[in-house]
Every structure is written in structure tokens, then in C-alpha cells.
Amino acid sequence: MLIDTHVHLNADQYDEDLQPVIDRALEAGVDRMIVVGFDEKTITRTMELIEQYDFIYGVIGWHPVDAIDFTENNYNWIKELATHDKIVAIGEMGLDYHWDKSPKDVQKSVFRRQIALAKELKKPIVIHNREATQDVVDILKEENAAEVGGVMHSFSGSKEICDEILKLNFIISLGGPVTFKNAKQPKEVAQHVPLDKLIVETDAPYLTPHPYRGKRNEPAYVKLVAEQIAELRGISYEALAAATTQNAERLFGL
């Protein structure tokens with residue numbers, strides 16, 4: 001069995017065929033899915049999905065790209081919803097320097113606020129990092145995020161950055177890019193990271209693994225990610241699936 005630890009089943013891309021997408025995941029052996037909501041619309045949908053399906057869990061927070069839109073009402077709303085027993089982490093939060101919608105200082109402020117909330121609620125943190133690694137690491141250290149730990153979602157950094165993240169009580173999540181032919185760093189990290197510090201995800205509908213790259217991603221494809229990592233590590237798919245499932249259960253208290 002596998003857990004897709006980061007999927008956006010709350011995205012518009014699944015409006016027409018959500019149930020068949022979920023059915024295909026279950027048929028592929030993906031018996032639990034963690035849906036991530038990061039703005040008003042996707043958080044609302046996340047709460048609906050965790051009530052509707054007993055094998056779907058939620059993570060809620062505020063995306064760094066939209067940090068400029070974050071209000072006190074949003075903060076209080078997330079804080080209230082996050083007490084639900086099927087909300088297993090706070091996020092995805094972090095920094096994104098690729099898009100320039102939200103100024104860096106605003107992103108940092110909203111990031112720090114959510115780390116504090118996760119610590120208050122004693123829930124792990126799901127990190128979004130794009131082109132901002134050093135600032136993300138510095139803030140995690142300054143805010144003592146190691147107290148609750150969490151996961152670097154869709155990790156794309158080097159082995160050296162991986163080691164730094166592990167020291168902060170965070171684990172590594174790998175997705176579709178590990179299956180891309182020219183993705184040197186994700187493949188190196190897949191071999192390097194200790195097996196008890198690794199989980200798998202799709203980030204669907206984004207980052208679709210080979211051979212479906214360019215098409216819409218879906219949670220069934222997390223099996224392709226797990227198969228690729230098992231091959232890179234020279235272990236059986238079953239061993240990789242068992243380890244990553246156990247790691248996700250431990251991190252998210254499933």
C-alpha cells in the first residue's frame with residue numbers, strides 16, 4: 001500500500017471526474033491520500049473531501065505566492081479548521097521567489113506566522129520552497145520549527161541541502177521529477193536520503209511522472225514515483241512502499 005502524501009484533489013482540474021480519479025488511485029494500491037489546501041477555495045474543498053472520504057486526510061495553510069492576500073480572518077479560520085482530527089499538518093507554507101506576486105518580506109512574515117501556529121497546534125509543517133532554499137532554512141532555524149518537524153514537499157535540492165533539512169527534524173518528499181530522464185539531483189537524493197526519512201507524493205495535478213509527463217497528474221501515479229525510487233536504491237518496490245507508508249504514518253499521526 002502507498003500514501004500519496006501531497007495531492008490537490010481540490011483543484012479545478014478534477015471537477016469533471018474526481019470519483020474515477022480516486023477509484024484509479026485505490027486500484028493502484030494508493031489506499032490513503034493527503035489533500036493540501038492553500039487558499040480559501042482549496043481549503044474549503046479540502047474540508048469537504050476529508051468529511052466525504054474516510055481515507056482522505058487534509059493539510060491546510062497559506063501558499064507563499066498568495067501571501068499578499070493573507071488576512072487576520074484567514075489566519076483565524078485556518079486555526080479553527082486545523083483542530084479537526086483529520087487535518088494532519090499545517091501548510092503548504094514557505095517561500096516562492098519564482099513568482100513576484102507577493103513581496104519577499106510579506107512571504108517571510110506569513111511563513112513565520114504559520115510556523116508559530118503549527119507549534120501552537122502541535123502539528124507538523126509542509127514546506128513549499130521555490131528558488132528560496134537558504135531563506136527557508138534560515139527561517140526554520142530561527143523559528144525553531146524542529147519542535148514540530150515536517151516535510152520538504154517536492155524536494156528539488158542537492159544531497160547537501162537534504163542533509164541540512166534532516167538536521168532540522170524535517171523529512172524529504174519526492175514526486176514526479178525523480179522519474180524525469182535529466183533530473184540529476186532528485187535521483188541522487190533518492191539514493192542518498194535515509195530510508196526512514198523519505199515519503200512519496202504526486203503534487204497532482206502538477207509534476208506528472210514519466211511516461212505521462214505533459215498530461216494531468218493523478219494520485220495513482222505515485223506508484224511510478226515509488227517504483228523509480230526503489231529501482232534507484234536497488235530495493236524491492238514492496239520494501240520502498242512499506243517504508244514510505246510507515247514514515248508518512250509516523251509524521252502525520254495516521
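**Cavity and pockets**

In this predicted model, the largest cavity holds about 30 Å³ of space. The largest pocket, by its side, holds about 740 Å³, and the second largest pocket has a volume of about 170 Å³.

**The cavity**

- The structure has one cavity of 30 Å³ or more, and the residues lining the largest cavity include Trp 62, His 63, Pro 64, Met 93 and Phe 111.
- Two or more lining residues come from each of strand S4 (87-96) and helix H4 (104-121), with H4 giving the largest share, four residues.
- Sorted by class, this lining comprises six nonpolar and four polar residues, and no charged ones.

**The largest pocket**

- The largest pocket is lined by 31 residues, of which His 128, His 153, Asp 203, Tyr 206 and Leu 207 are the closest to its centre.
- Helix H2 (40-52), S4 and strand S5 (125-130) are the elements that contribute two or more residues to the lining of this pocket.
- The lining of the largest pocket is made up of 11 nonpolar, 11 polar and nine charged residues.

**The second largest pocket**

- Among the residues that line the second largest pocket are Val 148, Phe 170, Lys 197, Asn 247 and Arg 250.
- Strand S7 (170-174) and helix H9 (237-252) each provide at least two residues of this lining, and the largest share, three residues, belongs to H9.
- In the second largest pocket, the lining residues divide into five nonpolar, three polar and two charged.

Methods:
Residues are numbered from 1 along each chain as its sequence is written. This is a predicted model: local features need pLDDT of at least 70, side-chain atom pairs count only at pLDDT 80 or more; totals for chains, interfaces and linings use all residues. Side-chain values use heavy atoms; hydrogens and water are left out. On a 1 Å grid over the protein atoms alone, a cavity is a set of points where a 1.4 Å probe fits but cannot get out, and a pocket is an open set with protein on both sides within 12 Å along at least five of seven lines; lining residues have an atom within 4 Å of a point. Grid points are joined across faces, edges and corners, and a volume is the space filled by probe spheres set on the points. Ala, Val, Leu, Ile, Met, Phe, Trp, Tyr, Cys and Pro count as nonpolar, Asp, Glu, Lys and Arg as charged, and the others, Gly among them, as polar.
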